[in-house]
Amino acid sequence: MPRIISANLNGIRSAHKKGFFEWLATQDADYICVQELKAQEADMTEDFLRPHGYHGRFHYAEKKGYSGTGVYSRTEPHQHRIGFGCLEFDAEGRYTRCDFGNLTIISVYCPSGSSSPERQLAKFRFMEVFLPHLQALQAEGREVVICGDWNIAHKEIDLKNWKGNLKNSGFLPEERAWMTRIFDELGMVDVHRGLDARPDQYTWWSNRGQAYAKNVGWRIDYHVATPGIAARAKTVSIYKDVKFSDHAPLIIDYEA
C-alpha cells in the first residue's frame, strides 16, 4: 500500500534537529511532501537532499529563510516541475510536482494572510490563479494527490475556536468558499475527511499559550486528490507523538 505523508517542517534544519528524518526512516513511506523548508539550495546537505536513499525534488524561495517545498520519493520521478507558472508565487517556492507513471504527486504551500492585510491580498491573488491551474491539472487525465499546507480550515469542524475566527485569515468566508469550489465544482476530494469525519483532527497549533497541549488547533494540511486515487485511500493518521514543527505530519495509506 503506497503511503503518502504531508509535513510542514517550519524549517528543514529545525525539523532535522528535532528528529524528523530519523522518524521518516521508520515510516516506510513512498512519497513525502514537505513544505516551509526555509532553506536555499546551498543550505541543503546530503542528509536533506537524499535522506535514507529517497530522491528529492525541491522548489526554493528567492527570499532567504522563507517558504519552499519539496517531494521525496522512493523512485526517481520520470519528470518533475518546479513552480506552476505564476511569477509572483513561483518566486516564493510554493509548488513542487513529480510524475510517476500516471500518478502525480504535488507538494504545495499556499500563502498565509495572517501577518498583514497585504499578505491577505496576496493570498487572494494566489487563490485566483491556482484554481485555473487545478482545472488544467484535471484536464491532463492523471491521478493527482496534492499534499500540503493550504492555510485554510474548510469547515467549522476543522478548527477548535471557529466562532472566534470567522473574521480571521484561514477561516474567512471567501477562503472557505474557494475550498468548496475545489471539492464541489472541480470534483477533487478531501481525502482525510473522506476517511475520518471526527472532530478535533487538527494538524496545526499556535505556539501561543497551551494550544498544542489542549489540542486547540486547526486542520489546514490536506491531501487533495482526484476521485480515482482518493477512492483507494484506506487509513489516515496525524502523527503527534513527537513535535517536529508547529504542524503534525498527515499520513494516508492508499491501495496500490
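Leaving aside neighbours within four places in sequence, with which residues is Ile146 in contact?

Figure 1. Leaving aside its neighbours within four places in sequence, Ile146 is in contact (heavy atoms within 4.5 Å) with Ile106, Val108, Leu134, Leu137, Met188, Tyr222, His223 and Val224. Residues are numbered from 1 along each chain as its sequence is written, and side-chain values use heavy atoms, with hydrogens and water left out. Because this is a predicted model, local features need pLDDT of at least 70 and side-chain atom pairs count only at pLDDT 80 or more, whereas totals for chains, interfaces and linings use all residues.

**Figure 2. The largest nonpolar core.** A nonpolar core is a set of buried Ala, Val, Leu, Ile, Met, Phe, Trp, Tyr and Cys residues joined through side-chain atoms within 4.5 Å, where buried means under 20% relative accessible area, exposed over 50% and partly exposed in between, with a 1.4 Å probe and protein chains only. Of its 26 residues, Phe130, Ile146, Trp150, Trp178 and Ile182 touch the most other members. Two or more residues each come from strand S7 (103-109), helix H5 (117-139), strand S8 (143-149), helix H6 (173-184) and strand S12 (221-225), these elements being DSSP runs numbered from the N terminus (helices H or I, at least four residues; strands E, at least two). The largest share, seven residues, is that of H5. A second, separate core of 23 residues includes Leu9, Leu24, Val34 and Phe58.

Figure 3. The mean pLDDT, the predictor's confidence in each residue from 0 to 100, is 98 for the chain, and 100% of its residues reach 70 or more.
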